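Please look over the sequence and the model shown here before reading on.

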Amino acid sequence: MTKRIFRSVFLAAFVVFIACLVLVMGALYSYFSARQEAQLGIEARLAAAGVESGGEAYLENFGRQDGLRLTWIDSDGTVLYDTNADAASMENHADREEVSQALQTGSGERVSATLSEKTVYIALRLSDGTVLRAAASHYTVPTLLLGILQPLIVIVVLAVILSALLASRLSKRIVGPLNAIDLDHPLENATYDELS
């Protein structure tokens, strides 16, 4: 009986731990992903204001930034400038979803995801009819898990050990009074009230 109680308590504690871990990681990923998209929108508006006033000179001074890519696109889809690549070698962007939305409505957004990376694109139409597109990438959940695999394994191992110790102690405490019952003198036993 002690083993059955031990297994039940241990399994329940372990399942609750894993469920909490998954829920917390999912909530944090969603929160930070939404924050990054909001931040990218702010950066796109700031860069659009800079391009409106300074044109290509602003983008040249802006330079290459880690995590942020700016692309200035003409109204026909020709890439005028890109902070991370040679604009002349880039294909026409008129058919890109975010660019066509920006040309029609003033702004557009698209999310592109692979197994390891998620890229968010935000495009804004400028007053001269050109489009400025900002792009930022971040890792997906599987890639993040691989990155924190070692500390995650340590946490899971510690949780298993703690669950096993607590489950063992609890199961012995539950079964202890039952094992101590004197069957020769059943009325003299001090056990659970329910058994009395």
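What follows is a short report on selected features of this structure.

## Basis of the report

The structure is a predicted model, in which local features need pLDDT of at least 70 and side-chain atom pairs count only at pLDDT 80 or more, while totals for chains, interfaces and linings use all residues. Residues are numbered from 1 along each chain as its sequence is written, and side-chain values use heavy atoms, with hydrogens and water left out.

## Helix α1

Helices (H or I, at least four residues) and strands (E, at least two) are DSSP runs, numbered from the N terminus. The expected span of a helix is 1.5 Å times one less than its number of residues. For the 53 residues of α1 this span should be 78 Å, and the C-alpha atoms at its ends are 76 Å apart, which agrees. Just after α1, Gly55 takes a positive phi of about 65°.

A residue is called buried under 20% relative accessible area, exposed over 50%, and partly exposed in between (1.4 Å probe, protein chains only). The buried residues of α1 are Ile5, Tyr29, Ser33, Leu40, Gly41, Ala44, Ala47, Ala48, Gly50 and Val51. These buried residues pack against α2, β1, β4, β5, α4 and α5, where contact means heavy atoms within 4.5 Å.

## Helix α5

Helix α5 covers residues 149-179, and its 31 residues should span 45 Å; the C-alpha atoms at its ends are 43 Å apart, which agrees. A kink of about 25° lies at Arg173 in α5, shortly before the proline Pro177; the bend at a residue is the angle between axes fitted to the seven residues ending there and the seven starting there.

The buried residues of α5 are Leu152, Ala159, Ser163, Ala167, Ser171 and Val175, and what covers them includes α1 (2-54) and α4 (141-147). One of these residues, Ser171, counts as buried because its relative accessibility is 1%. Leaving aside neighbours within four places in sequence, Ser171 is in contact with Thr2, Ile5 and Phe6. Ser171 and Leu59 are 112 residues apart in sequence, and their C-alpha atoms are 67 Å apart in space. Ile174, which also lies in helix α5, counts as partly exposed because its relative accessibility is 32%. Between Ile174 and Ile5, which are 169 residues apart in sequence, the C-alpha to C-alpha distance is 8.5 Å.

## Three further residues

Glu98 has its place in helix α3 (residues 97-105), and it is buried because its relative accessible area is 0%. Not counting residues up to four places away in sequence, Glu98 touches Gly108, Glu109, Arg110, Tyr121, Ala123 and Arg133.

Ala113 lies in strand β3 (residues 107-113) and counts as exposed because its relative accessibility is 57%. Ala113 is 25 residues from His138 in sequence, and the two are 9.6 Å apart in space, C-alpha to C-alpha. Asp66 is found in the loop between α2 (56-62) and β1 (69-73), and with 80% relative accessibility Asp66 likewise counts as exposed. The C-alpha atoms of Asp66 and Ser137 are separated by 9.9 Å, although the two residues are 71 residues apart along the chain.

## The largest pocket

Rolling a probe the size of a water molecule over the atoms shows where empty space is left. On a 1 Å grid over the protein atoms alone, a pocket is an open set of points where a 1.4 Å probe fits, with protein on both sides within 12 Å along at least five of seven lines, and lining residues have an atom within 4 Å of a point. Grid points are joined across faces, edges and corners, and a volume is the space filled by probe spheres set on the points. The largest pocket has a volume of about 190 Å³.

The largest pocket is lined by 13 residues, of which Arg69, Asn84, Ala135, Ala136 and Ser137 lie nearest its centre. At least two lining residues come from each of β4 (117-125) and β5 (131-139), and β5 gives the largest share of the lining, 4 residues.
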